[in-house]
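Let's take a walk through this structure together. Keep the sequence and the model side by side as you read.

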Amino acid sequence: MANDDAAVLTSVGPRLRALRKERGSTLSQLAKSTGISVSTLSRLESGERRPTLELLLPLARAYQVPLDELVGAPPVGDPRVRLKPIKRDYATIVPLTQHPGGLQAFKMIIGADRCDPEPRTHEGYEWLYVLSGRLRLVLADHDIVLKAGEAAEFDTRLPHWFGSTGEAPVEVLSLFGTQGERMHVRARPRGA
């Protein structure tokens, strides 16, 4: 067991270096965002410094990854994500993303009774994909209906609302991110 722990700890440095390079970050940039000195980060990546929780937690936050991804924790057997649905008066929302920050994924089952538009605005960007049913999307001056297999993406600073057409519930996948994070799914315009 101790040999397994040593192997996990030895692999942290190369994993940290690979993650930083993959993100296109420098040691200086990472030091600024984590508060960890450049020399400590360099020693961590080279394996000269033993990783501690006090060092790994700010790095996990900076990279927006779970701590076990940084250390390469061994699999625990069951790979299923335990989904915890959130019940609202108009929908059941299932968060599909387990880590905070960045893009967030949700599955929503919106009841047929959510059909009266109340457009709102907020920071962010949203991508919707209809799994089943018909989704009514009100976006600024547009009022459209999306069928199963259709998608939409929009800046949430525009007045928007989505719900059922009133006929039946609708099942939707949603990706939501902060301003500047966008899903790029383009389809040829109809009639082209």
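The crossing of H2 and H3 is right-handed; a crossing gets that name if the near helix is turned clockwise from the far one by less than a right angle, and is left-handed if anticlockwise. Helices here (H or I, at least four residues) and strands (E, at least two) are DSSP runs numbered from the N terminus. Helix H2 covers residues 27–34 and helix H3 residues 38–46, and the two pack at an angle of about 115 degrees with their axes 9 Å apart. Axes are lines fitted to C-alpha atoms, for helices over the stretch in contact, and angles run from 0 to 180 degrees between N-to-C directions. H2 and H3 are therefore roughly perpendicular to each other, given that angles under 35 degrees count as roughly parallel, over 145 as roughly antiparallel, 65 to 115 as roughly perpendicular and the rest as oblique.

This is a predicted model, in which local features need pLDDT of at least 70 and side-chain atom pairs count only at pLDDT 80 or more, while totals for chains, interfaces and linings use all residues. Residues are numbered from 1 along each chain as its sequence is written, and side-chain values use heavy atoms, with hydrogens and water left out.

Which residues of H2 and H3 make the contact? From H2 come Leu27, Ser28, Leu30, Ala31 and Thr34, and from H3 come Val38, Leu41, Ser42 and Glu45, where contact means heavy atoms within 4.5 Å. Sorted by class, the residues of this contact are five nonpolar, three polar and one charged. For that sorting, Ala, Val, Leu, Ile, Met, Phe, Trp, Tyr, Cys and Pro count as nonpolar, Asp, Glu, Lys and Arg as charged, and the others, Gly among them, as polar.

H2 also packs with helix H4 (residues 53–63), at an angle of about 105 degrees and with the axes 9 Å apart. That makes H2 roughly perpendicular to H4. Leu30, Ser33 and Thr34 of H2 meet Pro58, Leu59, Ala62 and Tyr63 of H4, a contact with five nonpolar, two polar and no charged residues.

Now for the strands. Six of them form an open sheet in the order E1-E2-E3-E9-E4-E7, with antiparallel pairing; two strands pair if DSSP finds at least two bridges between them. At the edges lie strand E1 (86–87) and strand E7 (151–155), each pairing on one side only. Further in, strand E2 (residues 91–95) is joined to strand E3 (residues 104–110) by five antiparallel bridges, and Thr92 has Ile109 in E3 as its bridge partner. E3 in turn pairs with strand E9 (residues 170–177) over seven antiparallel bridges. Along this pair, Ile110 is partnered by Val170, and Gln104 stands opposite Phe176.

E9 also has seven antiparallel bridges to E4, where Tyr129 has Leu173 in E9 as its bridge partner. Strand E4 (residues 125–132) then pairs with E7 in the antiparallel sense over five bridges, with Glu126 opposite Phe154 in E7.

There is another sheet to find. Three strands make up this open sheet, in the order E6-E5-E8 and with antiparallel pairing. Its edge strands are strand E6 (142–147) and strand E8 (160–164), each pairing on one side only. On average, neighbouring strands of this sheet are turned by 20 degrees against each other, direction ignored. Strand E5 (residues 134–139) runs antiparallel to E8 and is joined to E8 by five bridges, with Leu137 opposite Phe162 in E8.

The chain averages a pLDDT (the predictor's confidence in each residue, from 0 to 100) of 84, and 84% of the residues score at least 70. Over residues 181–188 the pLDDT is below 50, and this stretch has eleven contacts in the model beyond near neighbours in sequence.
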